[in-house]
Amino acid sequence: MQEFKNYINGQWVAAKSGQSFENISPANHEDIIGKFPLSGQEDVNDAVAAAKAAFKKWRLVPAPKRGDLLRIAGDIFKRRKKELGKIMTREMGKPTFETEGDVQEAIDTAYYSASETRRLFGKTAPSEMLNKFNLSFRVPVGVCGIITAWNFPVAVPSWKILPAIAAGNTVVYKPSKDSPHSGVVFAEILEEAGIPPGVFNVLLGKGSMGNLIVEHPDVNLIGFTGSTNIGNQIGEICGRTNKKCSLEMGGKNPQVVMPSADLDSAIEGVLWGAFGTTGQRCTATSRLIIHKDIYSKFIDMLVAKAGKLKLGDGLKEGTQVGPVIHDTALKEIDNYVKIAVKEGGRLVLGGERAIEGDLAKGSFYKPTIIADITKDMTIFREEIFGPVLAVSKAESFDHALELANGVQYGLSSSIYTNDIGEACIAMRDIEAGITYINSPTIGAEAHMPFGGVKGTGNGHREGGWTVFDIFTEWKTVYIDFSGKLQRAQIDNY
Ligand code: UN1
């Protein structure tokens, strides 16, 4: 069996304890991917010490030079795109056309971050006083602990790691225990690109090891993508230990469909939004809100198409929907479906594990649609992270928006309409970090701000230029060349 290692200070090393864990493929539980180090406190200490030492030099490397290395990393991601896509599919399940898209997002982020290294603009402003300059510029934060989920094993870490490095920080990265191989390849690529030892470190292990990174006194910043539950715990620790902290958490993203919409296009949108990545995206469409005039017709159209989606091993040609990540997740998903039906939801498609043929070998769950979901029901409110779509009827446009906003989350949202007034009102009034007009809730681009409001985040935006607000601090400098003491607020008035 293949054995993998941590990447610390430019070296590939086993966990100090000698312990390891195995990871299996969600599409075929007999397929064991390998043995991975089960890292603990000593490994965290080593990685953080390496990152802290490397920061001293890396922060002084001119930003455009750092950018040159990231551009090379982008080239290597490009070269390894197909191979890496297969590695990702094998360990987390989504079809290769999706994992290749995931890698593409990292390529885009690498080139974008590289170009931003020539544009990390500061600001100057006139001073209140004679012969004095006021300026401010960005400085890196220090050692960044990056903790991410398995559903985007390359794209989401790239959104954090590559801009962090571009801005002069150093990184200790913990990939999910369910996608460790992708984390290893990430390190191989940055190593080959020439990122110096200690600037980027990867520690493999389970969730509890993430906590050790968050608690470590020499880690200055935490960037996290994952569940609201864990994110909130991380936020509490960062509050207590005074660390900068960016949290990307759950979603319960709605797609609204109004009578004026192109219904065929709205169907294509919801199929992709709800069942792409087997519904396991923080941006997945998990609620469909249909205007009453087209409610029954739209559900019939949708069920006919969703019932034809081809489930299977993501490595096989023609697979449209892969497995869910593991049986524990599958049981939780199934439990939500049972609760929905018990609470009065009408199951119109799926609602069970798929066990036909080879599907029995993995964690496959049928694309599931439950209609007549009202605001008070559990699956209207709680994130499921699986191929389950809750459908609600809206009495009017205002009611549709009220339903869209009636949850604790606010990441992504979508409206299908050809009424420009409705589109503009939705754009303004939907409580979410992202709103799509006539396209589904998934599909964020690397160079645009990404993040959510309400229970989804804590006020930060990754992606685009805004990511540098997370990974830098502002330094303000006053230069007095008057040759004498000038007292602010006193001598000039
Ligand atoms: C996530 O699910 O954590 O917009 C991120 C999208 C992708 C990113 C999803 N580009 O759906």
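This is a predicted model: local features need pLDDT of at least 70, side-chain atom pairs count only at pLDDT 80 or more; totals for chains, interfaces and linings use all residues.
**View 1. Packing of helix 9 against helix 10.** The axes of helix 9 (residues 263–275) and helix 10 (residues 295–306) come within 10 Å and cross at roughly 55°. The crossing of helix 9 with helix 10 is right-handed. Helix 9 contributes L263, D264, A266, I267, E268, V270, L271 and F275 to the contact, and helix 10 contributes K297, F298, M301, L302, K305 and A306. By class, this contact comprises 10 nonpolar and 4 charged residues, with no polar ones.

**View 2. Helix 2 beside helix 5.** Helix 2 (residues 63–79) and helix 5 (residues 155–166) have axes that come within 8 Å and cross at roughly 145°. On the side of helix 2, the residues in contact are A63, R66 and L70; their partners in helix 5 are L162, I165 and A166. The contact of helix 2 with helix 5 divides into 5 nonpolar residues, no polar residues and 1 charged residue.

**View 3. Helix 3 and helix 6.** Helix 3 (residues 81–92) packs on helix 6 at an angle of about 155°, the axes being 8 Å apart. Angles over 145 degrees count as roughly antiparallel, and helix 3 and helix 6 are therefore assigned to that class. L84, I87, M88 and E91 of helix 3 meet P180, H181, S182, V185 and I189 of helix 6. The residues of this contact comprise 6 nonpolar, 2 polar and 1 charged.

**View 4. The largest nonpolar core and the surroundings of V171.** The largest nonpolar core holds 49 residues, of which F77, I161, I165, V171, L190, I195 and F200 touch the most other members. Helix 6 (residues 180–193) gives the most to this core, with 7 residues. With neighbours within four places in sequence left aside, V171 is in contact with A51, C144, I146, I161, A164, I165, V199, F200 and N201. Another core, of 31 residues, lies apart from the largest one; A261, L263, L311 and V321 are among its members.

**View 5. F137 in strand 6.** F137 is located in strand 6 (residues 132–140). The relative accessible area of F137 is 32%, and this residue is partly exposed. Not counting residues up to four places away in sequence, F137 touches G122, E473, W474, K475 and V477. T278 is 141 residues from F137 in sequence, and the C-alpha to C-alpha distance between the two is 43 Å.

View 6. N131 lies in the loop between strand 5 (123–126) and strand 6. The phi of N131 is near 55°, a positive value in a residue other than glycine. N131 has a relative accessibility of 37% and counts as partly exposed. N438 is placed in the loop between strand 19 (436–437) and strand 20 (453–454). Although N438 is not a glycine, its phi is positive, at about 55°. With a relative accessibility of 33%, N438 counts as partly exposed.

Methods. Residues are numbered from 1 along each chain as its sequence is written. Side-chain values use heavy atoms; hydrogens and water are left out. Axes are lines fitted to C-alpha atoms, for helices over the stretch in contact, and angles run from 0 to 180 degrees between N-to-C directions. Helices (H or I, at least four residues) and strands (E, at least two) are DSSP runs, numbered from the N terminus. A crossing is left-handed if the near helix is turned anticlockwise from the far one by less than a right angle, and right-handed if clockwise. Contact means heavy atoms within 4.5 Å. Ala, Val, Leu, Ile, Met, Phe, Trp, Tyr, Cys and Pro count as nonpolar, Asp, Glu, Lys and Arg as charged, and the others, Gly among them, as polar. A nonpolar core is a set of buried Ala, Val, Leu, Ile, Met, Phe, Trp, Tyr and Cys residues joined through side-chain atoms within 4.5 Å. Buried means under 20% relative accessible area, exposed over 50%, partly exposed in between (1.4 Å probe, protein chains only). Angles under 35 degrees count as roughly parallel, over 145 as roughly antiparallel, 65 to 115 as roughly perpendicular and the rest as oblique.
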